Number of protein chains: 2
Amino acid sequence: MLRLAIIGTNWITHKFVEAALSTGLYQLKAIYSRNKDSAETFASKYPSENSQLFSDLDSLASSNSFDAVYIASPNSLHAKQAMLFMNHGKHVIVEKPMASNYIEAIQMFECAKRNQVILFEAFKTAYTPNFSILKSELHSLGKIRLANLNFCQYSSRYPRYLAGELPNTFNPVFSNGSLMDIGFYCVAFAITLWGKPNHVVGQAIKLDTGVDGLGTATLAFDDFLVNIQHSKISNSYVPSEIQGELGSLVIEHLSECESITKIMRNTNKTQLISNRHPDNTMIFEASYFSELVANKHINHDDILRSLTTIEVITALREQIGVTYQADQN
Amino acid sequence: MLRLAIIGTNWITHKFVEAALSTGLYQLKAIYSRNKDSAETFASKYPSENSQLFSDLDSLASSNSFDAVYIASPNSLHAKQAMLFMNHGKHVIVEKPMASNYIEAIQMFECAKRNQVILFEAFKTAYTPNFSILKSELHSLGKIRLANLNFCQYSSRYPRYLAGELPNTFNPVFSNGSLMDIGFYCVAFAITLWGKPNHVVGQAIKLDTGVDGLGTATLAFDDFLVNIQHSKISNSYVPSEIQGELGSLVIEHLSECESITKIMRNTNKTQLISNRHPDNTMIFEASYFSELVANKHINHDDILRSLTTIEVITALREQIGVTYQADQN
């Protein structure tokens with residue numbers, strides 16, 4: 001059993017805890033929130049866990065009641081918090097994106113190495129069964145030529161922004177914006193499949209808070225292009241697609257790999273190649289992380305994907321002129 | 001009745017002639033091909049027209065048997081041929097793209113003005129009824145934020161290229177390639193709706209002939225982006241989309257505007273807003289052109305769209321390093 005602590009008490013933390021507990025591999029030992037009430041409310045959903053509550057981060061880090069921590073705080077805090085815990089010998093699973101920028105991510109992995117702990121980025125998509133199916137079917141498309149990776153989801157906080165407020169998701173202080181939150185899935189998807197692109201070009205529409213509301217990017221590989229679009233201020237109703245010379249894979253809901261259809265050019269034959277996922281697809285990354293920790297397994301592919309993804313996102317941010325406080329350090 | 005001559009005897013010329021005759025507004029008076037046999041074979045399909053056959057371009061241009069000419073020769077010849085005919089007082093409808101590059105297109109419109117004739121680019125999409133419906137529904141999407149315009153069609157000539165031949169469609173001598181042939185529709189579509197972008201960025205995968213096999217582009221407007229992808233070496237099976245803050249339009253088969261579906265974000269209500277087009281959508285541009293000629297009507301919107309489109313395509317070609325002989329002149 002992996003003894004878990006959590007940082008952050010919002011919806012995604014609930015989703016991760018539910019996923020983790022449902023695998024039967026985790027115990028929820030500690031809950032941190034700056035606000036004790038939030039921690040109590042969170043704990044009340046999992047009464048059988050008898051979790052300890054913390055409102056001081058250093059006390060939590062020093063506690064021996066858990067082995068690994070799930071960090072779902074604002075992006076701007078990921079690096080500092082993860083390093084604090086790793087320096088106390090804890091394993092860390094941190095929500096995507098890993099950090100505010102590439103330099104922070106490098107420091108985090110150096111810290112993990114020094115402390116001989118596992119540092120893992122919770123990019124759930126790559127650990128779903130349908131993503132594995134997709135990977136195994138790619139070769140049947142012949143030479144890959146073009147991919148369009150599309151994730152556009154109107155944020156429920158956007159009306160508040162339009163009303164003159166500054167919700168966290170559009171606040172650069174938290175290292176937020178469309179590319180970091182949503183575009184991340186497209187970039188990480190491509191890099192998981194094909195590694196580091198030769199070069200990248202990005203465009204964005206910025207909001208007056210300084211973060212990007214939406215953007216496009218092209219990742220150029222030797223003989224194919226990955227075309228990306230992401231938005232937090234408009235919705236998309238069309239799937240993503242990977243085009244080879246012989247056929248295409250059409251992917252519904254990129255971050256979930258909800259369904260994957262293969263269409264072969266010669267025959268026009270359409271075939272559903274994916275299976276139905278459970279509602280909560282975080283169970284796959286939760287199982288995977290517990291295995292990494294149990295085996296003290298350093299997976300270099302995971303690390304390289306995380307580093308390359310934040311490297312590309314950092315380069316794209318520079319091009320579109322979205323900068324964070326963390327970039328000045 | 002508009003007395004028509006045609007240059008080029010390939011499938012698209014047949015399609016245009018069929019469209020033109022079906023409107024009841026045209027007579028096919030003259031057929032030109034370098035090869036007399038081709039002209040005869042072409043003419044045999046339209047016996048009631050009693051068209052005159054030509055294998056010399058200057059003789060055709062000097063003939064008084066027709067008022068307007070449809071030019072569907074290779075792109076590299078459009079400018080020179082169009083200007084020859086306009087200098088003989090003929091009206092010209094020229095297949096897209098207008099010319100090899102922006103400078104040629106400017107010269108063509110100057111020539112049209114000098115000779116007081118109509119010069120019209122056959123970008124059929126803009127003249128379809130469904131495109132008009134789309135235009136009239138755009139406002140219902142709220143603020144436009146992101147469009148993905150997608151036209152990827154595996155060329156029937158690509159296997160010949162792969163076998164080591166040099167089919168026209170991949171030959172830079174004819175000012176060909178994916179952006180000129182296929183990407184054109186995406187660029188012209190955007191410019192018809194929204195005018196000249198603030199800036200454009202393009203990427204491509206080039207074939208060893210020097211032309212682009214596929215490409216992506218972003219056209220940046222004040223507060224939205226148009227993301228484009230086009231390919232002649234892979235197929236796409238997903239529609240195009242225009243995203244506003246309130247909803248989206250999903251467009252099947254961009255060049256034909258085959259069907260258009262509106263989806264409103266708040267209600268998730270999906271509504272087919274288009275009608276069924278006839279199989280041959282060139283009838284709309286054919287009717288329109290005959291009207292322009294009959295009324296000697298100079299439509300500045302059409303001219304601006306043609307010029308801006310080739311200006312953007314020329315800029316994109318420069319970025320991706322696809323150059324033609326015509327660019328050296």
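Which residue is the bridge partner of I7(A) in β2(A)? In this predicted model, the partner is Y32(A). The two strands concerned, β1(A) and β2 (residues 26-32) of chain A, pair in the parallel sense over six bridges. Strand β1 (residues 2-7) of chain A has five of its six residues buried, so it is largely enclosed by the rest of the structure.

A parallel pairing can also be followed in chain B. Strand β4 (residues 68-71) of chain B pairs with β5(B) in the parallel sense, over four bridges. Within this pairing, V69(B) stands opposite V92(B). Strand β5 (residues 91-95) of chain B is mostly covered, as five of its five residues are buried. In a regular strand the side chains alternate between the two faces of the sheet. In β5(B), H91(B), I93(B) and E95(B) point one way, while V92(B) and V94(B) point the other way. Residues on both sides of β5(B) are buried.

The account now returns to chain A and to its helices. Two packed helices are described by the angle between their axes and the distance between the axes. For helix α4 (residues 78-87) and helix α5 (residues 102-115) of chain A, the axes come within 9 Å and cross at roughly 5°. An angle under 35 degrees counts as roughly parallel, and α4(A) and α5(A) are therefore roughly parallel to each other. The contact between them involves several residues of each helix. On the α4(A) side, the residues include H78(A), A82(A), M83(A) and M86(A); on the α5(A) side, M108(A), C111(A) and A112(A) are among them.

A further sheet of chain A is built from eight strands. These strands form an open sheet in the order β8-β9-β10-β7-β11-β12-β13-β14, with mixed pairing. Its edge strands are β8 (199-206) and β14 (270-272), each of which pairs on one side only. From one strand to the next, the twist averages 10°. Within the sheet, β12 (residues 247-252) and β13 (residues 259-264) of chain A pair in the antiparallel sense over six bridges. V250(A) has T261(A) in β13(A) as its bridge partner.

Two helices of chain A lie across strands of this sheet. Helix α6 (residues 129-137) lies across β11 (240-244), β12 and β13 of chain A, and runs at about 15° to β13(A). Helix α8 (residues 178-194) lies across β7 (144-152), β9 (212-220), β10 (225-231), β11 and β12 of chain A, and its direction makes an angle of about 160° with β10(A).

Aromatic residues provide another view of the structure. Over all chains, 40 aromatic pairs are found. One of them joins Y154(A) and Y158(A) in an edge-to-face arrangement, with 5.5 Å centre to centre and 85° between the planes. Are these two residues buried or exposed? Y154(A) has a relative accessible area of 15% and is buried; Y158(A), at 0% relative accessibility, also counts as buried. Elsewhere in chain A, ring pairs link F120(A), Y127(A), Y288(A) and F289(A) into a cluster.

Y154(A) also takes part in an arrangement that involves chain B. The charged end of R265(B) sits over the ring of Y154(A), 3.4 Å from the centre of that ring. In the other direction, R265(A) lies over the face of Y154(B), at 3.4 Å from the ring centre.

Definitions and conventions. Residues are numbered from 1 along each chain as its sequence is written. Chains are lettered from A and ligands numbered from 1 in the order in which they are written. This is a predicted model: local features need pLDDT of at least 70, side-chain atom pairs count only at pLDDT 80 or more; totals for chains, interfaces and linings use all residues. Side-chain values use heavy atoms; hydrogens and water are left out. Two strands pair if DSSP finds at least two bridges between them. Axes are lines fitted to C-alpha atoms, for helices over the stretch in contact, and angles run from 0 to 180 degrees between N-to-C directions. Contact means heavy atoms within 4.5 Å. Rings of Phe, Tyr and Trp (its six-membered ring) pair if their centres lie within 6.5 Å; planes under 30 degrees apart count as stacked, over 60 as edge-to-face and the rest as tilted. Buried means under 20% relative accessible area, exposed over 50%, partly exposed in between (1.4 Å probe, protein chains only). A charge sits over a ring if NZ of Lys or CZ of Arg is within 6 Å of the ring centre and within 35 degrees of the ring normal. Angles under 35 degrees count as roughly parallel, over 145 as roughly antiparallel, 65 to 115 as roughly perpendicular and the rest as oblique.
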